Amino acid sequence: MSRYSQLFKTAAKGEEREAQEPAAKSFGVLFVDDEAGVLSAMRRIFMEENYRLFTAASGAEALAVMEENEVQLIVSDHRMPGMTGAELLKTVKERWPQVIRIMLTGHADVNSVMGAVKDGAVYKFITKPWNDDDLRLTVSLALQQYVLMQENQNLKELTRSQQQRIKNYASLFDENRGMAGNILVKAGAATREDLVRAAMERAQGELIIDALVRLGVVTEGEVVKALQAALNIDYVDLASAEIMPQAVRFLPRDLCERNRMVPIRMTGRQLTVAMADPSDIYKVDNISMMTGLAVVPLIATGSEILALLERAWGEGPALEQATDLEPIDEIDIIIDDEESQVSVTELIGSSEVPPVIRIVNAVISEAIRYHASDIHIEGKTKYTLVRFRIDGLLHSKIKIPADLHPAIVSRVKILAKMDISERRKPQDGRITVKAGTRIVDMRVSSMPTLNGEKLVLRILDKSAAIKDLPDLGVLPDGLQKIRTLVKKPQGVIIATGPTGSGKTTMLYSILSTMLEGSRNFETIEEPVEYFVEEANQVAVREKIGLSFANVLRATLRQDPDVILVGEIRDAETADVAFKAALTGHMVLSTLHTNSAVGSITRLIDMGVKPYIIASALEGLFAQRLVRRVCSACSTEVAPDREIMELLRVPPGYLDGAVRRGKGCDQCNKTGYRGRTGVFELFTMNEDFRHFISTSYKETELFDMARAGGMRTLLEDGLEKVRLGLTTLEELLRVLGPQLLHQRRCDCCNRMVDAKYLFCPFCGTLRRNLCRDCKLPLEPEWLNCPHCGAARE
């Protein structure tokens with residue numbers, strides 16, 4: 001069971017803390033409901049969490065509990081005798097405004113509940129029945145919000161006291177002891193005469209470098225270049241840098257304007273200050289002495305500093321206003337109305353602050369627990385949406401305030417070793433996570449969008465067990481074909497299909513049937529998706545020149561028997577793979593095509609000679625993944641005629657009923673649990689080899705394979721529908737409508753192939769054909785335009 005409260009304990013050893021902090025107290029959580037069963041369920045759900053749990057059967061009892069105990073979060077039912085949940089939470093807001101308030105109800109008065117939401121008395125509205133895991137995560141994130149608000153209040157008080165303290169010592173900053181003038185002279189950008197002139201003509205309060213720029217002696221760019229070379233201090237572009245608005249206001253405005261400096265970041269006990277003249281070390285020391293913070297100076301131009309100060313102080317409270325989220329039925333975090341003038345980003349400040357670390361860890365751990373294949377982190381106008389792809393479909397799981405989006409993105413990019421300063425271009429990275437005994441590899445992709453960068457994390461569980469072929473959904477006749485293929489000593493076996501269709505899983509299942517101590521197995525992937533002790537596995541790294549083709553060539557010198565190549569991406573890899581098969585090796589690989597026979601066309605387009613394909617290729621597997629009907633709630637229903645028409649399923653093909661899940665707790669009310677595959681297996685024979693090497697045409701080879709017994713993806717899927725493993729709706733979602741060249745028989749009214757002269761169902765000859773040459777005739781024609789015969 002996930003223990004979400006661990007996310008909000010004090011920072012673990014190893015996090016940077018310069019000041020000793022007292023041990024954190026456990027959170028107090030109060031549940032209020034007039035049903036004893038609900039209160040008992042709440043205690044069971046949160047039994048293993050590190051919370052102090054309190055229960056109350058009425059509003060009056062809840063208020064008494066809160067008077068005697070310290071409570072950070074209250075979860076209340078709405079419909080209770082006496083004081084309703086909405087009235088209770090309004091009272092709690094008035095007396096204990098810092099307490100997080102959640103309403104949990106099954107059949108509430110909607111107007112009353114929404115009135116409480118609009119009044120700010122309710123942060124979250126959750127309906128019964130609830131999902132235990134989602135409820136635990138909701139409470140954990142809400143408590144995290146409590147911590148953020150408390151820390152934010154402390155930060156505001158610190159800012160007020162620091163500003164007053166600095167104003168009392170403002171005289172220490174008035175004297176300018178910078179050496180920028182001498183640095184410019186040594187750099188050859190100005191002369192001594194220029195300095196004397198600038199000193200005589202500069203305005204009151206104007207820095208010497210500003211006077212030199214105004215007089216046209218130097219440019220701001222030349223000043224920055226000279227200071228960088230002399231002081232070895234980094235330059236910051238204030239127009240594009242990530243700025244903390246609360247940090248900008250940390251020092252008084254008039255002090256910053258007079259001294260051409262502005263704080264831009266505050267991380268832990270460190271204050272980053274952009275300065276036009278960082279050579280004035282006395283000014284840096286005075287700031288550190290007055291604030292008690294370590295000061296890190298950066299170089300910025302005076303014009304950019306004044307522009308940032310104008311933006312920060314000129315916009316007033318609007319700059320800091322936070323965005324509220326609307327109450328919904330999904331997990332989210334709401335910011336208190338009374339703290340609406342404070343931005344959460346100002347509080348977080350950096351991706352290295354523990355709250356952001358905890359949120360990112362919570363998202364990753366939840367995705368692993370749900371067995372999600374992908375995590376989508378998307379910036380929206382009012383919030384950041386986190387979605388998990390589970391069983392091939394995306395599910396919205398968490399909503400977080402939009403102010404947290406930049407810090408969350410930065411945290412993930414740091415973990416993936418990506419450039420956090422580059423937000424304009426797509427990037428790729430990788431994270432490896434250990435969750436208990438499981439090692440999970442995540443491929444990270446970033447994409448700039450209008451609402452900030454979008455992140456997608458592809459989850460690959462390296463420690464996942466390799467499945468047996470029957471568990472993948474391969475039918476008995478297909479299993480027999482595969483067992484025949486794997487007994488061959490050499491050749492190429494290719495699995496084809498779109499991304500996420502289970503190709504690599506299929507290849508590893510085939511590889512597992514080949515494993516034996518007398519053979520050498522090598523795998524080449526990007527990244528390695530399954531760990532196999534008996535194989536030598538290599539991860540491709542394109543950045544250092546370790547490509548598929550290069551590793552494959554090197555592998556051929558390692559005396560391999562079986563080689564698994566993650567993907568044939570280019571002509572070079574394809575050429576090496578097929579020549580390896582011709583020299584006595586078994587090669588397993590994947591391609592991205594829509595059908596099994598279409599893979600041959602793709603290989604020819606890549607440049608592989610048809611005679612090489614004919615000689616080396618042994619088998620092709622086209623595959624898709626469909627959701628499996630939940631066995632716990634499966635029930636019989638009549639097949640949907642409209643879907644059968646879209647799939648071009650002949651009437652009577654599915655006699656009787658098919659199975660569909662009603663939805664239960666085990667399948668999360670979806671009617672599906674787990675996935676199975678649908679396959680199109682093409683195996684080579686001598687006739688196919690001759691046809692490919694001499695006069696290959698995809699459509700003709702497909703017809704030959706069908707005549708030889710090859711089952712198409714649709715036919716394999718319909719067989720699984722007949723067996724009750726999946727549904728027609730899933731086949732339509734995955735395979736789409738089947739567009740065939742058909743006509744309707746004039747006699748029996750059934751759809752038949754347009755090429756057929758006779759209807760295969762009733763035997764009737766097409767009526768719009770010439771009786772002599774058998775070519776089609778238009779309805780208004782009286783004679784055949786091809787042979788001249790009169791129409792019957």
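Buried means under 20% relative accessible area, exposed over 50%, and partly exposed in between (1.4 Å probe, protein chains only). This is a predicted model, in which local features need pLDDT of at least 70, side-chain atom pairs count only at pLDDT 80 or more, and totals for chains, interfaces and linings use all residues. Residues are numbered from 1 along each chain as its sequence is written, and side-chain values use heavy atoms, with hydrogens and water left out. Helices (H or I, at least four residues) and strands (E, at least two) are DSSP runs numbered from the N terminus.

**Strand E21**
- Eleven of the 13 residues of strand E21 (residues 617-629) are buried, so the strand is largely enclosed by the rest of the structure.
- Two strands pair if DSSP finds at least two bridges between them; E21 has ten bridges to strand E24 (residues 672-683), running antiparallel.
- E21 also pairs with strand E16 (residues 491-496) in the parallel sense, over five bridges.

**Helix H28**
- Leu-728, Glu-730 and Leu-731 are the buried residues of helix H28 (residues 728-735).
- These buried residues pack against E21, helix H24 (641-646), E24 and helix H27 (713-722), where contact means heavy atoms within 4.5 Å.

**Salt bridges**
- A salt bridge is a side-chain nitrogen of Lys or Arg within 4 Å of a carboxyl oxygen of Asp or Glu, and the count by this rule is 29.
- Arg-627 and Glu-730 form a salt bridge, with their closest N and O atoms 3.1 Å apart.
- Arg-627 lies in strand E21 and Glu-730 in helix H28, so this pair ties together parts that are 103 residues apart in sequence.
- Glu-730 counts as buried at 1% relative accessibility, and Arg-627 counts as buried at 13%.
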